[in-house]
Amino acid sequence: MVDVILGLQWGDEGKGKIVDFFAKDYAVVARFQGGPNAGHTLYVKDKKVVLHQIPSGIFHEGITNLIGNGVVLDPVTLKKECDTVASFGVDLKKNLFIAQRTHLILPTHRALDKAAELSKGNEKIGSTLKGIGPTYMDKTGRNGLRVGDLLDKDFKNSYNKLRSKHQQLLDNYNFEEDITAWENEFFETLEFLKELNIVNGEYFINEKIRSGKKILAEGAQGSMLDIDFGTFPFVTSSNTTSAGVCSGLGIAPQLIKDVIGITKAYCTRVGSGPFPTELENETGEELRKLGNEFGATTGRPRRCGWIDLVALNFACMINGVTKIVMTKADVLDTFKELEVCTEYDVNGNKSREIPFQMERSKPIPVYKNFSGWNSDSSAINSYADLPETMKDYINFINNYLGVNINYISNGPGREQIVEVK
Ligand code: GDP
Ligand code: IMO
Ligand code: MG
């Protein structure tokens with residue numbers, strides 16, 4: 001049986017914290033897509049850790065963590081993460097497994113990402129420049145190299161062949177940066193990667209399922225960044241939605257039980273692209289300050305705005321969300337008034353649907369106002385003690401979406417979470 005935790009907005013919903021919170025109920029935590037563009041924050045013994053590729057179950061004794069075939073893996077970033085995780089006493093040989101079909105991010109993929117973004121000028125996507133797009137392009141273009149290929153004797157040959165293709169593209173972009181240092185680092189860390197547990201991910205995970213073990217699939221990015229259903233072209237290059245779980249791990253759809261969607265109590269986006277409820281004013285600044293909304297991977301300030309139920313409703317539909325966790329409720333503690341987007345106004349027409357081309361149709365959000373709770377919610381640990389105004393806010397969202405918020409996260413700490421009951 002497989003449950004899924006994924007983001008319902010534009011990423012950074014707090015997936016890391018929530019996966020870490022639920023992990024103890026599972027035998028395996030598995031990442032199914034994305035790569036080091038992700039930054040999942042959690043707290044271990046009061047110390048902040050940001051994971052990029054290692055699943056967020058890694059700090060739990062006795063839980064298996066799998067990097068699935070749908071991920072694109074940067075060995076250099078992985079080595080750094082492994083060092084951090086090992087410094088907490090985690091035995092990676094026991095707890096971390098990597099699928100052999102996982103595609104490798106090469107130094108030239110990172111260079112191509114940078115060159116492509118630079119060439120876009122004002123239309124840039126705001127990529128994290130981790131090489132995600134070019135690596136997925138080489139996967140679908142049937143050129144890429146995979147973790148399992150590292151064990152072949154002629155890996156270096158295959159690498160050089162692909163590298164020379166990439167060099168032609170880089171020359172076309174007039175990209176002149178010297179990447180020798182990146183390449184040296186890459187080859188050094190390959191030796192480290194080869195020593196980790198490289199497995200046949202699909203048999204590995206299906207074996208576990210057959211023996212009755214519970215699996216938690218951990219998404220990266222968010223539904224509105226999905227390559228098919230996000231705000232294309234301002235998206236990432238993988239299926240961030242629940243459909244990606246099957247292809248990204250090699251499991252059948254009927255094995256998926258709960259799809260747990262994470263949303264902030266408001267909304268953020270990092271990078272370019274449409275964001276209807278964005279607040280480019282003092283309220284937006286306030287959300288950024290109180291929510292400490294700066295990227296976990298790039299440090300960039302996140303764009304902030306009110307919660308968008310049109311987008312959330314769409315994400316619930318695409319993913320088949322069965323449960324919702326609302327994070328960062330405490331960030332709204334001091335706001336006197338809150339707004340909730342219930343409709344889009346597109347050229348004078350009201351709609352509850354996500355337009356095909358959000359960038360061009362420029363929807364204007366229609367809001368419903370709510371009173372804020374104006375009190376400190378961060379120390380509350382039972383639903384009964386939450387302010388009534390917060391419950392009104394939650395009940396409205398539940399009714400609108402037809403899916404219930406089952407947990408409310410009210411602080412970054414592992415224990416700061418309230419079950420709705
Ligand atoms: P992810 O990419 O979805 O894992 O989210 P990030 O780690 O990029 O960003 C979420 C940020 O919010 C992190 O700094 C978390 O420590 C923090 N966070 C998570 N849940 C809460 C919460 O309920 N309240 C507050 N104040 N911060 C939270
Ligand atoms: P987590 O897992 C927020 C955004 C980038 C950019 C776009 C494409 O931490 O929620 P890419 O590097 O994939 O080519 O960038 O997607 N983006 C994220 N935004 N959270 C993330 O991951 C993101 N991963 C990518 O900012 O706009
Ligand atoms: Mg993040």
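These legends go with a set of close-up views of one predicted model.

**View 1. The second largest pocket and the residues around it.**
Begin with the open space in this view: the second largest pocket has a volume of about 580 Å³. Its lining is made up of 28 residues, and Thr 41, Gly 291, Arg 302, Lys 328 and Pro 412 lie nearest the centre. Helix 1 (15–22), strand 3 (40–44) and strand 4 (47–51) each give at least two residues to this lining. Sorted by class, the lining of the second largest pocket has twelve polar, nine charged and seven nonpolar residues.

**View 2. The largest cavity and its lining.**
Rolling a probe the size of a water molecule over the atoms shows where empty space is left. In this structure there is one cavity of 30 Å³ or more, and the volume of the largest cavity is about 30 Å³. Look for Leu 8, Gln 9, Trp 10, Met 224, Cys 267, Asp 308, Ala 311 and Leu 312, which line the largest cavity. By class, the residues of this lining are six nonpolar, one polar and one charged.

**View 3. Gln 9 and its contact with Tyr 266.**
Here we stay with one residue of the cavity lining, Gln 9. You can find Gln 9 in the loop between strand 1 (2–7) and helix 1. Is Gln 9 buried or exposed? Its relative accessible area is 3%, under the 20% cut-off, so Gln 9 is buried. The side chain of Gln 9 reaches the backbone oxygen of Tyr 266 at a distance of 2.9 Å.

**View 4. Phe 21 and Phe 22, an edge-to-face pair.**
Searching the whole structure gives 14 aromatic pairs. In the pair formed by Phe 21 and Phe 22, the ring centres are 5.1 Å apart and the planes stand at 75 degrees, so this pair is edge-to-face. Phe 21 and Phe 22 are both buried.

**View 5. Tyr 159 and Phe 186, a stacked pair.**
How do the rings of Tyr 159 and Phe 186 pair, stacked or edge-to-face? Their planes are at 25 degrees and their centres 5.8 Å apart, so the pair is stacked. This pair joins distant parts of the chain, with Tyr 159 in helix 6 (residues 155–172) and Phe 186 in helix 7 (residues 180–195), 27 residues apart. Tyr 159 is buried at 1% relative accessibility, and Phe 186 is buried with a relative accessible area of 1%.

**View 6. A lysine over a tyrosine ring.**
In this view, the charged end of Lys 214 sits over the ring of Tyr 26. The distance from that charged end to the ring centre is 4.9 Å.

**View 7. Backbone angles at Asn 174, Asn 347 and Phe 232 to Pro 233.**
Most residues other than glycine have a negative phi, and most peptide bonds are trans. Asn 174 has a positive phi, near 55 degrees, and lies in the loop between helix 6 and helix 7. With a relative accessible area of 61%, Asn 174 is exposed. Asn 347 also has a positive phi, near 50 degrees, and its place is the loop between strand 16 (337–346) and strand 17 (349–351). Asn 347 is exposed, with a relative accessible area of 71%. Now turn to the peptide bond from Phe 232 to Pro 233, which is cis, with omega near 5 degrees. Pro 233 is part of the loop between strand 10 (215–218) and helix 9 (243–249).

**View 8. Helix 8 and the glycine just after it.**
Which residues of helix 8 (residues 201–210) are buried? They are Gly 201, Glu 202, Phe 204, Ile 205, Asn 206 and Ile 209. An α-helix has 3.6 residues a turn, so residues three or four places apart point the same way. Just past the end of helix 8, Gly 212 has a positive phi of about 90 degrees.

**View 9. Asn 143 and Leu 162.**
Asn 143 lies in the loop between helix 5 (132–140) and helix 6. Asn 143 is partly exposed, with a relative accessible area of 30%. Along the sequence, Asn 143 and Leu 162 are 19 residues apart, while in space their C-alpha atoms are 7.3 Å apart.

Note on methods: Residues are numbered from 1 along each chain as its sequence is written. Chains are lettered from A and ligands numbered from 1 in the order in which they are written. This is a predicted model: local features need pLDDT of at least 70, side-chain atom pairs count only at pLDDT 80 or more; totals for chains, interfaces and linings use all residues. Side-chain values use heavy atoms; hydrogens and water are left out. On a 1 Å grid over the protein atoms alone, a cavity is a set of points where a 1.4 Å probe fits but cannot get out, and a pocket is an open set with protein on both sides within 12 Å along at least five of seven lines; lining residues have an atom within 4 Å of a point. Grid points are joined across faces, edges and corners, and a volume is the space filled by probe spheres set on the points. Helices (H or I, at least four residues) and strands (E, at least two) are DSSP runs, numbered from the N terminus. Ala, Val, Leu, Ile, Met, Phe, Trp, Tyr, Cys and Pro count as nonpolar, Asp, Glu, Lys and Arg as charged, and the others, Gly among them, as polar. Rings of Phe, Tyr and Trp (its six-membered ring) pair if their centres lie within 6.5 Å; planes under 30 degrees apart count as stacked, over 60 as edge-to-face and the rest as tilted. Buried means under 20% relative accessible area, exposed over 50%, partly exposed in between (1.4 Å probe, protein chains only). A charge sits over a ring if NZ of Lys or CZ of Arg is within 6 Å of the ring centre and within 35 degrees of the ring normal. A polar contact is a pair of N or O atoms within 3.5 Å; within protein, one must be able to donate a hydrogen and the other to accept it, and residues adjacent in sequence count only if both atoms are side-chain atoms.
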